[in-house]
Amino acid sequence: MSKSSLILKAQFPEDRFLAEILSLPKIPCICKIGQGKFLIEFLEPLFEATGEVVDFNLNDINGRVPVGAGGEYLHYSFALVTLLRVEVDEYLIHDLAFFKRMSPGWFPIVEDGNWAPPWNGIGDEEDVPGVVPSKGRLSKKRKRLLDLLGKMDNKN
């Protein structure tokens, strides 16, 4: 497996309670990816803050989790993240998993600092966006989605 180098840039308030939370594994959050941005939001009752993941490759993520379609974000997921502080306001993402309701289940993206194995697409391929059917034929809807993903990847 290859090393992940996803870095979250976020300004968290200096707080003892918050420092303890950030030291915990698998912190609940919401991940939003779209329009060239990857945002991670932390919400009450933990703390309220938003950070941005820098220098990410959308293909690295799309290969590990089903892609949504039809909205502002390709991914809008409940997630669990483990952060390791690199320096002030910068954190290495050591673990990351998205929860997808349409599949349903947890999809690991990063595990122990490495990219998780690619998603194998188990389930009905025709019903899961972003998965090319094994028959080699693409529906019109699938072609449009893959074209959109290609355009977005070229922007990154």
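This is a predicted model: local features need pLDDT of at least 70, side-chain atom pairs count only at pLDDT 80 or more; totals for chains, interfaces and linings use all residues.

Modeller: Helices (H or I, at least four residues) and strands (E, at least two) are DSSP runs numbered from the N terminus, and two strands pair if DSSP finds at least two bridges between them. Here, E6 and strand E7 (residues 105-111) run antiparallel and are joined by 5 bridges. The two form a hairpin with 4 residues between them. Within this pairing, Phe98 has Phe107 in E7 as its bridge partner.

Biologist: Over how many bridges do E7 and strand E8 pair?

Modeller: E7 pairs with strand E8 (residues 114-115) in the antiparallel sense over 2 bridges. Val110 stands opposite Trp115 in E8. This hairpin has 2 residues between its strands, and Asp112 in the turn has a positive phi of about 50°.

Biologist: How many aromatic pairs does the structure hold?

Modeller: Rings of Phe, Tyr and Trp (its six-membered ring) pair if their centres lie within 6.5 Å; planes under 30 degrees apart count as stacked, over 60 as edge-to-face and the rest as tilted. The structure holds 9 aromatic pairs. One of them joins Phe38 and Phe98: the ring centres are 6.4 Å apart and the planes stand at 85°, so this pair is edge-to-face. Because Phe38 lies in strand E3 and Phe98 in strand E6, the pair ties together parts that are 60 residues apart in sequence. Separately, Phe12, Phe42, Phe47 and Tyr91 form one aromatic cluster.

Biologist: Are Phe38 and Phe98 buried or exposed?

Modeller: Buried means under 20% relative accessible area, exposed over 50%, and partly exposed in between (1.4 Å probe, protein chains only). Both Phe38 and Phe98 are buried. Leu43, by contrast, counts as partly exposed because its relative accessibility is 40%. Leu43 is found in the loop between strand E3 (37-42) and strand E4 (49-54). Its C-alpha atom is 8.4 Å from that of Pro28, although the two residues are 15 apart along the chain.

Biologist: What should I look for in the cysteines?

Modeller: A disulfide is a covalent bond between the sulfur atoms of two cysteines. The rule applied is a pair of cysteine sulfur atoms within 2.5 Å, and by this rule the count is 0 disulfides. Cys29 is in no disulfide; its nearest cysteine sulfur, that of Cys31, is 4.2 Å away. Cys29 counts as buried because its relative accessibility is 5%. Cys31 is also buried, with a relative accessible area of 0%.

Biologist: Which elements give two or more residues to the lining of the largest pocket?

Modeller: Rolling a probe the size of a water molecule over the atoms shows where empty space is left. On a 1 Å grid over the protein atoms alone, a pocket is an open set of points where a 1.4 Å probe fits, with protein on both sides within 12 Å along at least five of seven lines; lining residues have an atom within 4 Å of a point. Grid points are joined across faces, edges and corners, and a volume is the space filled by probe spheres set on the points. The largest pocket has a volume of about 370 Å³. Of its 16 lining residues, those closest to the centre are His75, Tyr76, Ser77, Lys100 and Arg101. Strand E5 (75-87) and strand E6 (90-100) are the elements that give two or more residues.

Key. Residues are numbered from 1 along each chain as its sequence is written. Side-chain values use heavy atoms; hydrogens and water are left out.
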